[in-house]
Amino acid sequence: MTSRQTVCVIASTVAVATGVASAHSLATASPRASATTGELVTARALYRQFCGKCHALAQALAAGFGGSSKNGFGELGGPSFNELRVPYHYSITAVTIPTGGHEVVRRKIKPRQLIRVATYIATVTKHNPIPALPTDG
């Protein structure tokens, strides 16, 4: 079984069993304390590809106005991360228990990419003044 299949099976099983914490397996694998410049550049590109169309983030040069139906991600923007401090596990949970438009992202992003993006978001927002709050959609 591939790592992607394993993550999907774990996420699906936990979601059905608890209905709440399907992201536990990924969320507990917290990001490393530091990332190399190359990893940050790769993660920034992934952020722009999967998140930046809807979520503004100055460090990623992402405007977050939403997209068009052509890009397949939806037309509406999401909250800006420019002031929010977004923990790693919030990003993982938002995609593995998709709410508020993340259903498409879940189908398109690979588990390893999700981990990189979540690590990137947590790293670049860790000093932002407003703590993000979990949402139900």
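## Basis of the model

This is a predicted model, in which local features need pLDDT of at least 70 and side-chain atom pairs count only at pLDDT 80 or more, while totals for chains, interfaces and linings use all residues. Residues are numbered from 1 along each chain as its sequence is written, and side-chain values use heavy atoms, with hydrogens and water left out.

## Overall layout

The protein chain has six helices and two strands. Helices (H or I, at least four residues) and strands (E, at least two) are DSSP runs, numbered from the N terminus. The order of the elements from the N terminus is α-α-α-β-α-α-α-β.

Of the 137 residues in the protein chain, 33% are buried. The accessible surface is about 8000 Å² (Shrake-Rupley method, 1.4 Å probe), and carbon and sulfur atoms account for 61% of this surface. A contact means heavy atoms within 4.5 Å. Among contacts between residues at least 6 apart in sequence, 61% join residues at least 24 apart.

## The nonpolar core

A nonpolar core is a set of buried Ala, Val, Leu, Ile, Met, Phe, Trp, Tyr and Cys residues joined through side-chain atoms within 4.5 Å. The largest one here has 24 residues, and those with the most contacts inside it are Tyr47, Leu57, Phe81, Ile109, Val117 and Tyr120. At least two residues of this core come from each of α3 (37-50), α4 (88-96) and α6 (111-125). The most come from α6, which gives seven residues. In soluble globular proteins, nonpolar side chains tend to be buried together.

## Helix α3

The expected span of a helix is 1.5 Å times one less than its number of residues. For the 14 residues of α3 this gives 20 Å, and the end C-alpha atoms are 20 Å apart, which agrees.

The buried residues of α3 include Ala43, Leu46, Tyr47 and Phe50. They lie on the same side of α3 because they cover an arc of only 105° around the axis, the arc being that of the directions from the helix axis to the C-beta atoms. Their cover includes α5 (103-108) and α6.

## Two buried positions

Threonine 119 is part of helix α6. With a relative accessible area of 15%, threonine 119 is buried.

Valine 86 sits in the loop between β1 (84-85) and α4. Its relative accessible area is 5%, so valine 86 is buried. Not counting residues up to four places away in sequence, valine 86 touches Phe81, Ser91, Ile121, Ala122, Thr125 and Ala132. Proline 131 is 45 residues from valine 86 along the chain, and their C-alpha atoms are separated by 6.7 Å.

## Cysteines

A disulfide is a pair of cysteine sulfur atoms within 2.5 Å, and the count by this rule is zero. The closest cysteine sulfur to that of cysteine 51 is in cysteine 54, at 8.8 Å, which is too far for a bond. Cysteine 54 is likewise in no disulfide.

Cysteine 51 is buried at a relative accessible area of 13%. Cysteine 54 also counts as buried, at 16% relative accessibility.

How values were computed
Buried means under 20% relative accessible area, exposed over 50%, partly exposed in between (1.4 Å probe, protein chains only).
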